[in-house]
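Subject: Structure handover

Hello,

Please find the structure below. My notes on strand pairing and helix packing follow.

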Amino acid sequence: MATTHKTRMLIIGSGPAGLSAAIYGARAGMQPIVVQGLQPGGQLTITTDVENYPGFRDVIQGPWLMQEMQAQAEHVGTRMMWDTILDVSLDGSPFRAVGDSGDIYEGDVLVIATGAQAKWLGVAGEQEFSGKGVSACATCDGFFYRGKKVVVIGGGNTAVEEALYLTNHSPDVTLIHRRDSLRAEKILQDRLMAHPNVKVLWNQKVDSFVGEEGKGLTGVKLVDTVTGAESIVETDGAFVAIGHAPATDLFKGKLELDESGYIVVQPGTPKTAIPGVFACGDVMDHTYRQAVTAAGTGCMAALDSERFLADLDYKASQTIPA
């Protein structure tokens, strides 16, 4: 039979944002419940080497880092639930969520930490060489390609920004775009075209990623969108930069989303338009999208949740007859 789980603090999502919120929330006595979702641990569970998370001088593994975060959250009192939320009611506190299991989750505050997923091309070799030469985050993985040849695939702001970022590490950066003009802002295009270490391949569609077992990615197979001619560009690393998709389908029509689907929050805070509902991590951040920034906003969501509940409790105490 379906069970109703009640808590002061309900968290949907178990990446760095959700687990950081849980750690702070548990230490504040809010006895949080974390509903883990389809990808427990978030994007770091499919990331191998992590070298930019503070506190570790040696390279660590993404899955290990998330296991440690979860263990810490559970150690201080968080309840982890293996379920996927299918529907939410945000009409007022307590907020209600219904899981795929049929269980119901109720929280006096709701923290949304459902994250975002990089968009992929869906071509042959992409998943096979993911983490072995194919990446969707130059900021995360560019460091591993110091002095090596890299390509970036895309034509928007993200692609151009990633290409420019990679010039900090690589002397040979190639931007591959399927059209004959970029969609990026003109100022970014000007910087790209002026950079001596960047070249652009126009009208080229990625057909597949090629490589060798044990060696990883060695090249990208392209098809000219005008002539149909095929070619292979040799490279050590390929960065797919065609955008991200925030996991916000659950909240369409219930929370304000921006044109890209990210949850809108008050600037500098995790507060949504609904009092008691907070959003943290990549689900509300289309600029930075780093584990450490997600963890930071998770902390903020927990602190704001604590203040919201304290105010709620105070107001409730004032209505009790003497």
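In strand S2, valine 35 stands opposite isoleucine 12. Helices (H or I, at least four residues) and strands (E, at least two) are DSSP runs, numbered from the N terminus.

This is a predicted model: local features need pLDDT of at least 70, side-chain atom pairs count only at pLDDT 80 or more, and totals for chains, interfaces and linings use all residues. Residues are numbered from 1 along each chain as its sequence is written, and side-chain values use heavy atoms, with hydrogens and water left out.

S1 (residues 4-12) and S2 (residues 33-35) run parallel and are joined by three bridges; strands pair if DSSP finds at least two bridges between them. S1 also pairs with S8 (residues 104-112) in the parallel sense, over eight bridges, and there leucine 10 has leucine 110 as its bridge partner.

Helix H4 (residues 157-166) packs on helix H5 (residues 186-194) at an angle of about 35 degrees, the axes being 10 Å apart. Axes are lines fitted to C-alpha atoms, for helices over the stretch in contact (heavy atoms within 4.5 Å), and angles run from 0 to 180 degrees between N-to-C directions. From H4, Asn157, Val160, Glu161, Ala163 and Leu164 meet Leu188, Arg191 and Leu192 of H5.

An open sheet has three antiparallel strands in the order S14-S15-S16. S14 (204-212) and S16 (230-234) are at the edges with a single partner strand each, so one side of each has no neighbour in the sheet. S15 (residues 216-224) is joined to S16 by five bridges, with leucine 222 partnered by serine 231.

Regards
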